[in-house]
Amino acid sequence: MCFDVVIVDDMPEFTTNIRKVLEMDSLKLRVFSEPEAFLDYSKNKEFATCKVVVVDYSMPNLSGYDVYE
């Protein structure tokens, strides 16, 4: 399944609120609360069809820049 927006953030308050706002526009979302899980997902072919990626710049094990790389 392809997603319009992929969110990578370890703050549940942020992901819950942004999910509510984006789902109002009927966007297909995928939220990752652990950057490592996102890194596994990013290796799938379907990730290439994602339109927007929102990444937290400060997470416990990886920074947003590390995830971007």
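Two strands are said to pair if DSSP finds at least two bridges between them, and the strands (E, at least two residues) and helices (H or I, at least four) are DSSP runs numbered from the N terminus. This is a predicted model, in which local features need pLDDT of at least 70 and side-chain atom pairs count only at pLDDT 80 or more, while totals for chains, interfaces and linings use all residues. Residues are numbered from 1 along each chain as its sequence is written, and side-chain values use heavy atoms, with hydrogens and water left out.

On these terms, three strands form an open sheet with parallel pairing, in the order β2-β1-β3. Because β2 (29-32) and β3 (52-55) stand at the edges with a single partner strand each, one side of each is left without a neighbour in the sheet. On average, neighbouring strands of this sheet are turned by 10 degrees against each other, direction ignored; the axes behind this angle are lines fitted to C-alpha atoms, for helices over the stretch in contact, and angles run from 0 to 180 degrees between N-to-C directions. Strand β1 (residues 5-8) pairs with β2 in the parallel sense over four bridges, and Val-6 stands opposite Arg-30 in β2.

We turn now to the charged side chains. Side chains of opposite charge can pair when their charged atoms come close. A salt bridge is taken as a side-chain nitrogen of Lys or Arg within 4 Å of a carboxyl oxygen of Asp or Glu, and the structure holds two salt bridges. One joins the side chains of Asp-4 and Lys-51, at 3.5 Å from N to O. Since Asp-4 lies in the segment before β1 and Lys-51 in the loop between α2 (35-41) and β3, the pair ties together parts that are 47 residues apart in sequence. With buried meaning under 20% relative accessible area, exposed over 50% and partly exposed in between (1.4 Å probe, protein chains only), Asp-4 is buried at 13%, whereas Lys-51 is exposed at 66%.

Arg-19 forms a salt bridge with Glu-23, their closest N and O atoms being 3.7 Å apart. These residues are four apart in helix α1 (residues 12-23) and so are separated by about one helical turn. Arg-19 is partly exposed, with a relative accessible area of 31%, and Glu-23 is partly exposed at 41%.

Asp-56, in the loop between β3 and α3 (64-68), is buried yet has no salt bridge, and the nearest side chain of opposite charge, Arg-19, is 15 Å away; here Lys and Arg count as positive and Asp and Glu as negative, while His and the chain ends are not counted.
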